[in-house]
Amino acid sequence: MITAVYPGSFDPATYGHLDIIRRASSSFDRIVVGVLHNSAKSPLFSVEERVNILQKATKDMPNVIIKPFEGLSVNFARENDAKVIVRGLRAVTDFEYELQMAQTNKVLAPEIETIFLTTSLEYAYVSSTIMKEVAKFNGDLVNFAPQEIIDELKSKLCIGNR
């Protein structure tokens, strides 16, 4: 059984994230989505809220588990007996950072591979940051995330259905 981890902030999750999770879940026996608690950042949603949002959004994927974590992704992978770290790429700019992280992870944990999945073209423009910005100005979020995530975001930002 091959387990992969997909670590990230997911603040909040987007269609791009869910695309990577769904595609990874069809390639590996088990996907553990790691929701990062990063004390250096101030996310909009708490770790618990992000875990709950992702659990709802992935309820139709039986081999996907959502867990909070902090620290190094390679340690999270080891804790979950994962042999693979999955990372999503939207653009060339993502690749430079992700390649550096993959190389660092390989030095720290030579037994763990990093696999890059390119986001489907229809979601290549989507990011949590852009989604939050569009939400702040009450823009249409229908192409960014499922309705339940949009509702959570609007509720968090105290935005009604104007």
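Start in helix α1 and select Arg23 and Asp19: both sit in this helix, four residues apart, or about one turn. (Helices are DSSP runs of H or I with at least four residues, strands are runs of E with at least two, and both are numbered from the N terminus.) Before you go on, note that this is a predicted model, where local features need pLDDT of at least 70 and side-chain atom pairs count only at pLDDT 80 or more, while totals for chains, interfaces and linings use all residues. Residues are numbered from 1 along each chain as its sequence is written, and side-chain values use heavy atoms, with hydrogens and water left out.

Back to the pair. Arg23 and Asp19 form a salt bridge, with the closest N and O atoms 3.0 Å apart. The term means a side-chain nitrogen of Lys or Arg within 4 Å of a carboxyl oxygen of Asp or Glu. Are the two partners buried or exposed? Arg23 is partly exposed at 27% relative accessibility, whereas Asp19 is buried at 12%. (Buried is under 20% relative accessible area, exposed is over 50%, and partly exposed is in between, using a 1.4 Å probe and protein chains only.)

Skip its neighbours within four places in sequence, and Ile21 touches Tyr6, Val33, Leu54, Thr58, Met61 and Val64; contact here is heavy atoms within 4.5 Å.

Now widen the selection to the core. The largest nonpolar core holds 33 residues, and Ile21 is among those with the most contacts inside it, along with Ile31, Val33, Leu54, Val86 and Ile149. Such a core is a set of buried Ala, Val, Leu, Ile, Met, Phe, Trp, Tyr and Cys residues joined through side-chain atoms within 4.5 Å. Elements giving it two or more residues include α1 (15-25), β2 (30-36) and α6 (147-156). Which element gives the largest share? Colour α2: five residues of this core come from there, the largest share. Another core lies apart from that one, with ten residues, including Val32, Phe76, Ile85 and Ala109.

Next, select Arg78 and Glu111, whose side chains meet in a salt bridge at 2.9 Å, N to O. Arg78 is in helix α3 (residues 73-79) and Glu111 is in the loop between α4 (92-108) and β5 (113-118), so the pair ties together parts 33 residues apart in sequence. Arg78 is partly exposed at 38%, and Glu111 is partly exposed at 41%.

Last stop: Glu113 and Lys106, another salt bridge, at 2.8 Å from N to O. Glu113 is partly exposed at 40%, as is Lys106 at 31%.
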